[in-house]
Each structure stands twice: as C-alpha cells, then as structure tokens.
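Okay, thanks for coming, everyone.

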Amino acid sequence: MKTTIFGIGYVGLVQAAALAEAGHEVICVDVDADRIRRLKQGEIPIFEPGLEDLVKRNVAAGRLRFTTEAAEGVGHSEVQFIAVGTPPDEDGSADLKYVFAVAETIARHMNGHRIFVTKSTVPVGTADLVRARLSEALAARGREDLSFDVASNPEFLKEGSAVADFMKPDRIILGTSNARTEQVLRELYAPFNRNHEKIIVMDARSAELTKYAANCMLATKISFMNEMANLADRLGADIEDVRRGIGSDPRIGYHFIYPGAGYGGSCFPKDIQALIRTADGIGFDARVLKAVEARNREQKQFLFRKIAQYFDGDLAGRTFALWGLAFKPNTDDMRDAPSRTLMEALWEAGASVRAFDPEAMNECRRIYGARDDLVLVDSREAALTGADALVIVTEWRGFQAPDFERVRTTLKVPVIFDGRNLYDPETVSDHGIHYLGVGRSTPQQKS
C-alpha cells in the first residue's frame with residue numbers, strides 16, 4: 001500500500017521506516033532540504049535504537065524515499081500523514097501552524113480523494129479545524145468537487161524503544177467516523193495487528209484526547225512518586241521500599257512509579273501544558289494537571305538543592321561530575337532535561353561541570369556551545385577527574401555498576417548525589433562514600 005508522511009522528525013521517521021519494513025511504499029516529505037539530503041545519504045538525524053538499520057534497509061529496497069517536493073508526496077498516495085511538530089506557544093498551548101501549513105499544501109496539489117491523518121499530538125478539535133482549512137483551500141482553487149476525510153491516529157512511541165513500540169504496539173487508535181477511512185487504515189496497519197486485535201476505533205475528538213490523557217496520566221504517576229519521595233526524605237523513610245510495597249498492588253503496578261529528578265523530553269512537559277491551556281480555554285480549572293506540572297518543576301531543582309545543602313552553599317569554584325545529559329536513556333534528546341536545570345543552576349552558583357553521556361554529547365554542544373565551565377569528556381571515569389562530587393542524572397545502563405573504589409579515590413569529596421536511585425545506599429556507604437538519593441534513607445540517617 002502507498003502512503004505519504006509529511007514531517008520527518010522523530011515520529012515521522014519512525015513511522016515511515018516501520019511502514020516500509022512491513023512492505024508499504026512510503027514517501028517522506030519535509031521542507032528541511034539539508035535533512036532530506038542527509039537522509040538520502042544514509043545519515044540519521046536522531047539516535048533511536050534500531051532505526052538506522054531500518055531506514056537504510058528500506059531505502060535500499062526502494063520502499064522508502066525522501067523528498068522536498070510536496071507535489072510528489074501528494075500525488076503518491078491516498079493516505080497523507082501529518083507528523084509535523086506542534087511546539088508550545090508562548091502561553092503553553094500547542095502551536096498548530098505547521099499542521100495547517102501541511103494541510104493547505106496538500107489541498108493545493110491534490111487532484112483526487114485524500115485521507116488526512118494527523119499523527120502529530122494536537123488539541124481536541126484539531127481534526128475539525130483541519131477540515132475547515134481544507135475546505136477553504138479547495139474553494140480557493142475552485143475544486144470543491146474534490147473529496148477528502150480527516151482522521152486522528154495518535155502515536156504512542158517511547159523514545160529509546162520507538163521502533164519496538166511501533167512494530168509491536170499495545171494499541172492502535174483510529175479516530176474516524178468514516179467507514180471507508182477505517183477500512184483503509186485497518187489495511188495499512190494490518191501487519192502490526194496480527195497476534196490479537198489492537199485497533200480501537202473512536203471519533204476524532206476522543207482520539208485526540210486519548211493521546212493527551214495517556215501522557216498526562218504517566219506524568220501524574222511520576223509527579224506523585226516524586227511527591228512521596230519528598231515526604232520520605234523528610235520522614236526518614238525509604239521511597240524504594242515504598243515503591244516496591246505499592247507496586248505489588250496490581251491496581252497500581254510497577255510502571256512509572258520510579259522517583260527521580262523530574263521528567264523531561266518532547267512529550268510530557270509540552271502535553272501537560274497544552275491540555276491545561278485547552279482546559280483554561282473552556283473555563284475548566286484542571287487542578288490535578290496544574291499540580292503535576294508544578295511538582296515536576298520543583299523536582300528539577302531537587303538535585304541542586306541537595307548539592308547546595310551538602311556544601312553549605314559554598315559552590316563557587318567547585319567542579320561537579322555529571323553522569324547523564326539526555327532526559328532518559330537510549331536517546332540523545334535533551335529537551336526539558338533535568339540535566340539542563342541542574343547545570344544552569346550550578347553555573348549560576350559559580351560551579352563548573354564535567355559531563356559524560358553515551359549519546360547526548362553533540363546535542364549538549366549544540367545547545368550550550370563552548371564555555372569554560374562545561375567540559376564534555378569521553379567516559380564516565382574521565383568525568384570524575386578533578387571533580388568535587390558525582391551527580392547521577394540519567395539512568396543509563398552503563399552507569400549502574402561503577403567501580404566505587406575508583407569513584408571514592410578520584411573525587412575530591414567522596415559523595416554521590418543519585419538523581420535516579422541507581423545504587424544501594426548500604427553498598428555505597430561500605431565503600432566510604434556518602435550517598436544522597438531521592439527519598440532514600442542513607443545508613444547515616446538510619447543510625
């Protein structure tokens with residue numbers, strides 16, 4: 001089956017490569033000529049496990065193509081995916097200008113029936129707005145005779161496991177009330193729906209809200225656990241024991257109840273803000289969502305507060321080793337990453353940073369450029385050299401079993417601030433290192 005995808009960012013590229021892998025013929029359209037050129041040469045602009053091989057294999061097979069020519073993409077297929085960005089506007093609401101631009105572009109070039117499928121995360125009611133824009137654009141051409149439909153098909157991809165998530169989805173949401181559109185999309189997704197029925201069909205508005213509700217629920221779980229961790233920190237309890245205790249209840253489960261330094265990335269912060277703005281727009285006070293956002297904003301200050309308290313506010317001239325820059329493992333994404341909040345606070349206090357991340361080093365250079373108070377090194381051990389303390393910011397697997405003796409003897413002050421609770425406090429203490437985690441009772445506190 002032929003399909004076209006507008007927008008070759010994170011979502012669009014994964015979608016395109018996975019559909020091509022299943023045997024579909026996919027054309028990808030993007031206005032960024034340099035990105036298209038690099039993709040044609042086999043350069044993948046993002047880090048995602050398994051994606052590079054998928055793209056190269058399907059380009060070689062001729063099932064995956066890239067172009068800047070919108071007319072080529074529109075003429076290629078009936079199904080037109082819109083996977084462009086919806087960045088937050090100044091007030092936090094989702095900016096739909098790129099979605100509308102693509103819809104109007106397709107309307108200018110279409111000469112037959114087209115199905116517009118919004119893959120981007122968009123506010124409730126966007127499908128109706130896109131429908132209106134399309135009608136206006138076709139009327140301007142004098143082509144009101146051309147038929148179309150608009151559907152919602154939100155993505156549920158986790159950075160770091162996006163390819164696997166697409167290949168073996170938990171669910172496939174189709175937001176449409178049109179029987180023919182449903183049939184076409186069912187055919188498109190049939191290769192990913194073989195083991196058992198994963199397709200859930202609903203109206204477009206419900207599909208749009210489902211995406212936001214899913215991300216906001218996950219963000220709520222994280223913020224709730226961070227709130228409990230702050231209580232544990234003050235009450236002398238161990239949040240890891242609490243986590244295991246509540247996670248054993250099947251009504252709660254163990255997923256997304258890990259306390260830490262706050263959530264980041266391209267989805268949770270943006271989607272929480274967008275749904276709050278949507279609620280404000282209809283006169284509804286989304287108190288829970290606002291509390292989730294506020295707790296996360298506070299939690300990103302947690303590590304800096306711990307560090308400042310430990311050193312009695314004397315941070316000027318000190319150097320801190322950071323293990324981890326990406327907002328989560330298996331990605332190079334630093335959007336809204338806790339590492340950024342921490343580094344900027346340390347710099348403001350006059351401290352310097354020596355940092356290592358397996359994938360996000362180039363992204364960090366792109367964001368901050370060259371500066372005297374930031375040294376990016378090529379290993380976790382190199383980050384320790386000349387550092388006063390070690391701070392764990394991202395839970396990369398390669399950080400989970402360090403040489404604690406080397407850590408102790410290399411640091412000027414034997415202390416670890418563990419923003420992801422990777423280590424057992426007793427083990428770290430046995431190596432002569434002071435340990436400060438998130439909501440954890442250290443051996444010194446228990447005594």
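Predicted model: local features only at pLDDT ≥ 70, side-chain atom pairs only at ≥ 80, totals over all residues.

Residues are numbered from 1 along each chain as its sequence is written, and side-chain values use heavy atoms, with hydrogens and water left out. Helices (H or I, at least four residues) and strands (E, at least two) are DSSP runs, numbered from the N terminus.

Back to H9. At its start, a side-chain oxygen of Asp 203 comes within 3.1 Å of the backbone nitrogen of Arg 205. That's a polar contact, meaning N or O atoms within 3.5 Å, one able to donate a hydrogen and the other to accept it, with residues adjacent in sequence counting only if both atoms are side-chain atoms.

Asp 32 puts a side-chain oxygen within 3.1 Å of the backbone nitrogen of Asp 34 at the start of H2, and just after H2, Gly 42 has a positive phi of about 90°.

Now the sheet. It's open, with six strands in the order E11-E10-E9-E12-E13-E14, paired parallel; pairing takes at least two DSSP bridges between two strands. E11 and E14 stand at the edges with a single partner strand each, so one side of each has no neighbour in the sheet. Five bridges join E9 to E10, and Ala 321 stands opposite Arg 354 in E10.

What packs on it? H14 touches E9, E10, E11 and E12, its direction making about 175° with that of E9. H13 lies across E9, E12, E13 and E14, at about 155° to E13. Contact means heavy atoms within 4.5 Å; axes are lines fitted to C-alpha atoms, for helices over the stretch in contact, and angles run from 0 to 180 degrees between N-to-C directions.

Those two helices also pack together, at about 35° with axes 8 Å apart. Leu 303, Phe 304 and Ile 307 in H13 meet Leu 342, Ala 345 and Leu 346 in H14.
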